[in-house]
Amino acid sequence: METNNILIIDDERVICNGCQMALMDANYSVDICMNGRAGLDAILKGAYDVVLLDMKLPDLGGMEILKSVAKEKPGEHIIVMTGHFSVQNAVEAMKSGAFDYLTKPFSDDELSIAVKKALESKRLKEENLSLRQQLSERFNFRNIIGENSKILKIFEGIEKVAPTDSTVLLCGESGTGKELFARAIHARSKRAAARFLAVDCGTFSPSLLESELFGHIKGAFTGAVKDKAGIFEMANHGSLFLDEVANLDMTTQAKLLRALETHEYKPVGGNRLKKTDVRIIGATNRDLKTMVDNGEFREDFFYRLNVFPVFIPPLRERKDDIPRLLYHFLRMYCLQVEKSIDGFSDDTLEFLINHDWPGNVRQLKNVVERLVIMADGKILSYGNLTDHLEADRNQTRSTIPETLDELKSVKQDMLEKQYGQIERTFLQKALSGAQGNITQASKRVGMQRSNFSALMKKHHLSANTTERN
């Protein structure tokens, strides 16, 4: 067990010896300084867990030492000792950085209790600092892969807004990593030691969402058998991430607006207001300004959310980051499934970089995970890549088109995909029948060699490509 180091600064030998004996009996390591200047030097140069400081010293007063330590080495746990107690002296000492106050004469028990309190406070502060550092490292910008100029500009903006309490609105397509950026904002804020809670506004009905956000009292509705704390209460002094705010109905928007502006809310079924101190980070994949113009979103709530907007670009607008993301996910999943894979073949890498990625980083991550699971060799090849992308596309296309343009887009997408697979298989079969001879293969199918070669390039096929099932 690590021994705690205590420093005693007092010009009375009897006090020093008495405190030293009592503290050493409790297994503390104790040093003594008999004057103020030596004591101040020891504090500044040493590593003491707690300092016992006499307020009346012959060469340098205790108040001067407190002020010097507060300036040069803040955070020290100093217990001041004096035979001349007064409330005014205590208040002045605390304002100058003292942790606690002991009035002479004091008993061994009083000394022991004061030292234990100081040590516990020091331990909690160190644990809090450690947790904040871990949180900051976990959501460090190094964990958000990207060196594209747009991403670097977002990093700069987050560094500026994170220490404030301003509301942030993250805008971007699904899968761009909005929650990751929200957590990075929280980790760099003054609220990092408190909770970060996330709510998907599209997964609850309006009435259930209101209960989740603000809580409810017993009997507020059928099934409310006891009082329940809401997310605003649980996230107090922390950050609340409201994902997909475009899905909020008008009534909930109004209640959230009141909570943001007055820092008060009312639980469902309650008649008393509760206070809240929560920093809101919103996110949306829709154009809220257009929704406001169409009467689908409250204008006042939009402007309250849109204090500091951050636009996260889709993956197709930061293609230079795709290789970094690919190899990051490759390393991550190789560790998870305990495989050793060196990288991607050239045609696979080219295809992945030039793919449209409608599901953005989330889709890219999922594709790499599946490729790693299915891989048998050291290099990830074109092999089953199209099957993986088709699986993602089917998941992404989860809703029926709402406009003619969307219908045309889906139709074109399906034609390209299905016809593309047939076209690729057609080329592979022709090459296989001609043992890889492009001239012979093009003649066999009745095409000009230049056109056949252009199709091969489109599908990332080489002359030695054989038919695949």
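Predicted model: local features only at pLDDT ≥ 70, side-chain atom pairs only at ≥ 80, totals over all residues.
Me: Hello! In which loop is the place of Pro105?
Reply: Residues are numbered from 1 along each chain as its sequence is written, and side-chain values use heavy atoms, with hydrogens and water left out. Helices (H or I, at least four residues) and strands (E, at least two) are DSSP runs, numbered from the N terminus. Pro105 sits in the loop between strand S5 (100-103) and helix H5 (108-138).

Me: What is omega for the cis peptide bond at Pro105?
Reply: The partner in this bond is Lys104, joined to Pro105 in the cis form. Its omega is about -5°.

Me: Thanks! Where does His237 lie, and what is its phi?
Reply: His237 belongs to the loop between helix H9 (231-234) and strand S8. Its phi is positive, in a residue other than glycine. The value is near 75°.

Me: How are H2 and H3 oriented to each other?
Reply: Helix H2 (residues 36-45) and helix H3 (residues 62-72) pack with their axes 11 Å apart, at an angle of about 20°. Axes here are lines fitted to C-alpha atoms, for helices over the stretch in contact, and angles run from 0 to 180 degrees between N-to-C directions. Angles under 35 degrees count as roughly parallel, over 145 as roughly antiparallel, 65 to 115 as roughly perpendicular and the rest as oblique. H2 and H3 are therefore roughly parallel.

Me: Which residues in H3 meet H2?
Reply: Contact means heavy atoms within 4.5 Å. From H2 come Gly36, Leu40, Ile43 and Leu44. Their partners in H3 are Ile65, Ser68, Val69 and Glu72.

Me: What classes of residue make the contact of H13 with H14?
Reply: The axes of H13 and helix H14 (residues 346-354) come within 10 Å and cross at roughly 120°. H13 brings Ile322, Pro323, Leu326 and Tyr327, while H14 brings Leu349, Leu352 and Ile353. Ala, Val, Leu, Ile, Met, Phe, Trp, Tyr, Cys and Pro count as nonpolar, Asp, Glu, Lys and Arg as charged, and the others, Gly among them, as polar. By class, the contact has no polar and no charged residues, and 7 nonpolar.

Me: And how are H13 and H15 oriented to each other?
Reply: H13 and H15 have axes 9 Å apart and an angle of about 45°. Among the residues that meet are Phe329 and Tyr333 in H13 and Leu364 and Val368 in H15. The two helices are therefore oblique.

Me: Which element gives the most to the lining of the second largest pocket?
Reply: A pocket is an open set of points on a 1 Å grid over the protein atoms alone, where a 1.4 Å probe fits, with protein on both sides within 12 Å along at least five of seven lines; lining residues have an atom within 4 Å of a point. This one is lined by 25 residues, with Gly175, Thr176, Gly177, Leu180 and Val361 nearest its centre. Elements giving two or more residues are helix H7 (178-187), strand S8 (239-243), helix H13 (322-337) and helix H15 (360-374). The one that gives the most, with 5 residues, is H7.
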